[in-house]
Amino acid sequence: MQGLMMNVPLTITALMRHAERLHGDQEIVSVTADAPLHRYRFADCFARARRLANALAQLGVQPGDRVATLAWNDYRHLELYFGISCSGAICHTVNPRLFAEQLVWIFNHAEDRVLFTDPMFLPLIEKLKPQLPALEHVIVLTSAAAMPQSALPGLLCYETLLAESDSEFDWPMLDEETAAVLCYTSGTTGHPKGVLYSHRALVLHAYAAGLPDALRITRDDTVLPVVPMFHVNAWGVPYLATMLGIKLVMPGPKMGDGETLARLMDDEGVTAALGVPTVWQGLLNYLRSSGRRLKTLKNIAVGGSACPLALMKAFEEEQGVWTLHAWGMTETSPLGTANIPPSNFAELPPEEQDFIRASQGRPVFGVELKIVDGQGRTLPWDGRAFGALKIRGPWVCRGYYRMAHSDAHDADGWFDTGDVATIDPRGYMTITDRTKDVIKSGGEWISSIELENIAMSHPQVAAAAVIGVHHPKWDERPLLIIVSAPGESPAAADLLAHFAGRVADWMIPDAVEFAEELPLTATGKVSKLTLRERYADYVLPPTA
Ligand code: ADP
């Protein structure tokens, strides 16, 4: 027998309507390319989204068409999120930091008909346009007064387009499975893969992210997403803010600028912020060098790559800010696990506290995790057994856009994350590595993340990465690459001595190399691929 409850579609149009009615007066503050600080309200955002929907219709955009964005985090990008998806088209957020060849590949694979771009990316689009046959319209996200000169024929201005469009629009009733957003993974191996989010998945993800024990963000927070809106929907923050009525502060193109971030946080009363570890390391460096103490920030959510424990402790001790470690992927919308400490955390011994804090946390309700061995057998949650991490849930992708077959999905509907992890009896999951970053030494696996965590706890280290390099006897051995803290020049022997007693002797790196900085990927993570290429012919010292 079936239940007798209404089957109301879960769409982000419903989220938008809810926000308009209940918290239309909540503020959205943005840094943009053409204004140092723009301020308006959710009601203004959605009113402009209606004009945008009319403009899209005028441009001939049909339901299911892909409409690309090449933009930083600001209010216009938020209008695109809702205006495009709620009119039944697909908002395809493109990462402008990708290489030109990857961008061409992605635009052509998605067959974007329309592109909205920040003015600063126009030179790039001018260069790529001849290779993008499907692209019919390019709209610059700026005002008529700030329209840049361009050789591109038929270039349109966003503000003019909105001003000339009707302000009334009846949002269509969409099926909740309708595709809303398309986002490609950065594709460090092979071509990028398109993850196609449905309205339903985005709404369910927002519910999950808004639970009190997920990201610990509530209506009373003021939130600064430093994770870009082209990187897994800024981790769902725009939808979460719309659902709960949260004041949003958007950094525009100033994501990597510690001074701007600190000023925005203090001036706007930001209490929670989200970003990858390199962003927080950059902010910490700025705070240390300026001697500044943040006034209102309480929590930062950090994910995208493993957050060193030393960084979390520094924020807590120096700024009174708690870091919430979370794990996820483009394929998981992204929330998979969030690190909420157990209720008895304060009574636990320090090593136990450190273990929990460094872990990626527990699965939020809705997603299920398992770890499996090489034969696909499920491994125990004992905190020691490690294996391939698999996930399933209503906001995990079941395939890739325009890809007939995915090797990452098994017959039982689980998705292989490409990560290697342990899970302890309480459900705390610890990523030991990405499968491709694990160091295989004489048949044993060494976790690069664990070694990096130890290196980062050395006071003279600003950043650390560990990669496997070829060894004639052991196949691979760990090489530690260090960026020294400002004004410091640690000795290699001291750095290696720091590992003694913290890991088994055979796991200690064989050598140390010093670098000015670590190479980053398009999503701001340390690029192990580039490091492996750079040290491909590295010869380890003969004693090893
Ligand atoms: P890409 O980095 O390829 O653009 P994603 O942003 O989807 O793609 O990255 C997902 C991957 O990032 C995960 O599979 C995992 O390896 C890594 N990751 C994400 N969060 C964490 C975390 N908190 N700790 C360790 N690794 C993480």
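## A ligand and its shell

In this predicted model, β14 gives the largest share of the shell around the ligand, four residues.

User: Which strands each supply at least two residues of that shell?

Analyst: They are β14 (322–328) and β19 (415–423). In total, 18 residues surround the ligand, and Ser186, Thr330, Asp419, Arg434 and Lys525 are the closest.

User: What makes Lys525 and Ala326 pass the same test?

Analyst: For Lys525, a polar side-chain atom lies 2.7 Å from an oxygen atom of the ligand. For Ala326, a polar backbone atom is 2.7 Å from a nitrogen atom of the ligand. On its own, the ligand has 580 Å² of accessible area, and the protein covers 94% of that.

User: How do the residues of the shell divide into nonpolar, polar and charged?

Analyst: Four are nonpolar, 11 are polar and three are charged.

User: Now the domains: what makes domain 1 and domain 2 partners in a contact?

Analyst: Contact means heavy atoms within 4.5 Å, and 15 residues from domain 1 and 11 residues from domain 2 take part, so the two domains are in contact. Domain 1 covers 12–319 and domain 2 covers 439–534. Their C-alpha centres are 34 Å apart, and the two domains bury about 1100 Å² between them.

Terms used:
Residues numbered from 1 in each chain as written. Predicted model: local features only at pLDDT ≥ 70, side-chain atom pairs only at ≥ 80, totals over all residues. Heavy atoms only, no water. Near = heavy atom within 4 Å. Polar contact = N/O pair within 3.5 Å; in protein donor to acceptor, adjacent residues only side chain to side chain. Areas by Shrake-Rupley, 256 points an atom, 1.4 Å probe, with all protein chains shown as cover. Nonpolar A, V, L, I, M, F, W, Y, C, P; charged D, E, K, R; others polar. Domains from an automatic or database assignment. Buried area = accessible area lost by both parts, 1.4 Å probe.
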